[in-house]
Protein chains: 2
Amino acid sequence: MTTNVDWIAVDWGTTNLRAWVFDSAGQIVATLTSDRGMGVLECDAFEPALLALIAPYLADGQRTPVIACGMVGARQGWTEATYADVPCPPPAIDRATRAPANDPRIEVFILPGVSQNRPADVMRGEETQIGGFLASNPNFDGTLCLPGTHTKWVQISAGEIISFRTFMTGDLFAAIMGHTVLRHSAAKGQDLASFDCGVAEGLSRPEMLTARLFTLRAEGLLHGMTAVAASERLSGLLIGQELAGAKQYWLGTQVALIGGAALCERYARSLSTLGAKPELADGDTMVLAGLRAAQARLKTIGT
Amino acid sequence: MTTNVDWIAVDWGTTNLRAWVFDSAGQIVATLTSDRGMGVLECDAFEPALLALIAPYLADGQRTPVIACGMVGARQGWTEATYADVPCPPPAIDRATRAPANDPRIEVFILPGVSQNRPADVMRGEETQIGGFLASNPNFDGTLCLPGTHTKWVQISAGEIISFRTFMTGDLFAAIMGHTVLRHSAAKGQDLASFDCGVAEGLSRPEMLTARLFTLRAEGLLHGMTAVAASERLSGLLIGQELAGAKQYWLGTQVALIGGAALCERYARSLSTLGAKPELADGDTMVLAGLRAAQARLKTIGT
């Protein structure tokens, strides 16, 4: 079973660890997932967590390259990987940091993140999705938006990341839903009319955000706003506010969204009302394409 | 010890329960506090929580009036007290709701909250502080601001609450500090220069809020921003954003702040840079004055 393994791609974020095992023909022979994300691991727990997942695919006497991206390279991760500074292309394998592994069957490369000096900003993982996107769209010129816990808006030109800005929209949504008074008034669900209404509100008079949050609570108490309507209005408010702040990134330029379908469709829906016509690219496909591009380069430069 | 007790004032919020025991000469004979706030009590636990605090001051064969305000009258409280709708004076004892008490030694009145139809808004407890403030400032005309978990901006004219708006600033601050990525980068402390800088940022381009939150994280990672500076900048950002949204309440009008000294001084400091010169009133003193005003009225109307 293990003789044919060529390398292993790893996307290791805050909440999940995912691995793809490749054979020498470039085919995926296994797709593995675990909930051992960076957020729950002490620094000496990374190698055991990885081995628990991939050990069946390792062979004695053979050192298999493992190429990883994401929060595994954060200060609280396995080992801190360097950042590449903008402007730069999505950083390649030659700038990877080796993670200290005791098992002689693996050699672990953690791809760099990307940083920006002013305004201070960082990404870890998204740069690999961007690399994957540019691998199949080498002439893309415009903005990539990667919605998520920390949504990234990224200006791309001539194959380089020129500048970017992170909006803490998803993180804020979860904190408000779970840890403010709105936990009594809001519950996840789908109500696109309420979402659209929130987007329109968030785009206009963004200084009213913290008042509008309490209005959702009061609307529930006084006028029977449903919990689903409240959460959808909240989602819209935060995304609308973000779109107002990110205007320089989407106005009059080509935009592509990279991420999960459900969230990307919300951004696309909102952007289309503003005249932008974003294309969509699947986040998992892009991260894997980025890791493959890194591995192709590894073969070229050798280890 | 109990023969001389005339009535008991109660401020019962989400996190605390406080009681003041008055004798027939109008003097406070005991000040009592407990952590049995509304947030931790089921509906049948309110009477035991109250009795645990005040029982030593009750006399057999005598029914002592207990006058309460705050979240004890919320839907999740002891019993839901009515709301008075704006425009209205701070609601008086004749609109109080009787709480169901089994102990014959107490008669419990919960003062009404205040509601507003559009934009939907509610308060519970602040109206009693407002009543206390107006008892000693009957000719006040302008804006009362009550900073806190849910900061209230209240337009007062001719002794009435004309309109108000709640900003979820304190609740949001706590949720961001405790439950977003900033929990790794921010810790409470005092750094007024960072606070002022945050206020200035929050006042300008409020649509950048969610991006600026992440900038605090990145400033810590890349440029060594301290955890205290990050929390102070966050506090300033949220208060600055609130002041931008509440402009119609403080611009060109008399403003008084009611609340705890530390938080009120932050609001006063920020407002003064905008040309407003708010006076400060102590929140505890005002709630007690409001409860006393209600009790005086109770004597007039009888029970």
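1. Domain bounds here come from an automatic or database domain assignment. For chain A that assignment gives domain 1 (5-124) and domain 2 (166-282). Their centres, taken over C-alpha atoms, are 32 Å apart.

2. This is a predicted model: local features need pLDDT of at least 70, side-chain atom pairs count only at pLDDT 80 or more, and totals for chains, interfaces and linings use all residues. Residues are numbered from 1 along each chain as its sequence is written, while chains are lettered from A and ligands numbered from 1 in the order in which they are written.

3. Confidence comes next. pLDDT is the predictor's confidence in each residue, from 0 to 100. Chain A averages 95, and 98% of the residues score at least 70. For the complex, the predictor gives an ipTM of 0.94 and a pTM of 0.95.

4. How does chain A relate to chain B?

5. Now the interface. 38 residues of chain A are in contact with 38 residues of chain B (C-beta atoms, placed from the backbone, within 7 Å). Helix 5 (209-223) of chain A is among the elements that give two or more residues to this side. Helix 5 of chain A gives the largest share, 11 residues. Helices are DSSP runs (H or I, at least four residues), as are strands (E, at least two), numbered from the N terminus. The copies meet through the same surface, because 100% of the interface residues of chain A are also interface residues in chain B.

6. Next, burial. A residue is buried if 20 or more other C-beta atoms, placed from the backbone, lie within 10 Å of its own; it is exposed if 12 or fewer do, and partly exposed in between. In helix 2 (residues 126-136) of chain B, 9 of the 11 residues are buried, so this helix is largely enclosed by the rest of the structure. Glu126(B) and Phe133(B) are among the buried ones.

7. Phe164(A) sits in strand 12 of chain A. Phe164(A) is buried, with 25 other C-beta atoms within 10 Å. Gln116(A) lies 48 residues away along the chain, yet the two C-alpha atoms are separated by 7.6 Å. Phe164(A) also touches residues including Val86(A), Met123(A) and Trp153(A).

Terms used. Contact = placed C-beta atoms within 7 Å. Lists of a residue's contacts leave out its neighbours within four places in sequence.
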